[in-house]
Amino acid sequence: MSLLLCASARAEVLHLATGDDYAPFTGKALAGQGMLTQVVRAALAEQGMAITLDWLPWNRGYLKARRGEYDATFPYVRSAEREAEFLYSAPIYVTDQFVFSRAGDRIELDDLPAMAGRRLCYPLGWQPPAMIQQLIEQGVLHRHSPLGLQECARLLLLQRDDLFLADQRLGESALRATGAEPSAFYRSQASFERNTLHFIVSRQHPRAAELIERFDRGLEVLKTSGDYQRLIERYAE
C-alpha cells in the first residue's frame, strides 16, 4: 500500500488509523468522532496538515501503522514494546485508570492480589498496567478481551466478568451506554499510576521524527491558545 503524504491544493494529507468504541476519546458515532480525534485533527491543522481516518479493530490498525501502511495512529499509552517500534508525541491526554465493578461486589486496588480466579475484562489490543499484567501472568486474574469497552460494561452487568479497568470518563461513558442505573456499578476510590495517551508514528516511516515534531508544535499551539482545554471540556459532561 502506498504511504504517506500526499499534497492537496492547500494541505498535506496524513492517512491515520484509529479504533472505534473508545468513548469519549475516539468513536465513529461520537460528536467530532471523539475528543482525541478532535485534538489530533486540530493539532495537525495548525501545521497545515489534513487527515484521512480509517476505523479498524485496534490490533489491525496498530499492525498496519507499524508496517507503515498508515502515517500514524492514536491514542496509545507507552510500553517498552511499542517504544521499540514507534515514536511518541507529547501527551495528548493524561488518564487515571480505576477499577470498575458491580455495586454489590465492590473491588478496590488493594483487593486485586488476593482475587484469584476473578475475571478481568480488558479489550483486545489494550496494554494493561504493569501490576495488572503481572497478576494476569501469575494466573490471579483471568483476562477476557472483547473488541471494545462497551462490551466489558455489558458483561460486567450480566455478571459474566467481574471487573474492568478504565479512565474515569471512559469507564463512565461505557457504563452509561448499557442503559443501567449508575448505582448498579462501583468505581474504585484509588486509581493506578497516571498514563498518558499519544499520537504515534512507526520508526519505519521515512519522516517519523518530522511528523512527531510537527504534531507536537501544533499541539503546543492548541494548549497555548486555550483551544485544547476548550476541546477537552466539551466532552467533560
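Two strands count as paired if DSSP finds at least two bridges between them, and the strands themselves (E, at least two residues), like the helices (H or I, at least four), are DSSP runs numbered from the N terminus. With that in hand, we can walk through this predicted model, in which local features need pLDDT of at least 70, side-chain atom pairs count only at pLDDT 80 or more, and totals for chains, interfaces and linings use all residues. Residues are numbered from 1 along each chain as its sequence is written, and side-chain values use heavy atoms, with hydrogens and water left out.

A residue is called buried when its relative accessible area is under 20%, exposed when over 50%, and partly exposed in between (1.4 Å probe, protein chains only). Five of the five residues of β4 are buried, so this strand is largely enclosed by the rest of the structure.

Now let us move to another part of the model. Five strands form an open sheet with mixed pairing, in the order β9-β8-β10-β7-β11. At its edges lie β9 (141-144) and β11 (185-187), each pairing on one side only. Neighbouring strands of this sheet are turned by 30° against each other on average, direction ignored; for such angles, axes are lines fitted to C-alpha atoms (for helices over the stretch in contact), and values run from 0 to 180 degrees between N-to-C directions.

Strand β10 (residues 163-167) is mostly covered, with five of its five residues buried. Four bridges tie it to β7 (residues 97-102) in an antiparallel arrangement, where Q97 stands opposite D167. Two bridges connect β10 with β8 (residues 118-121), and these strands run parallel; L120 sits opposite L163 there. Strand β8 is also joined to β9, in parallel, by four bridges, and the bridge partner of L120 in β9 is R143.

Helices complete the picture. Helix α4 (residues 130-137) packs on the sheet and touches β8, β9 and β10 (contact means heavy atoms within 4.5 Å); its direction makes about 105° with that of β9. Helix α5 (residues 149-157) lies across β7, β8, β9, β10 and β11, running at about 140° to β10.
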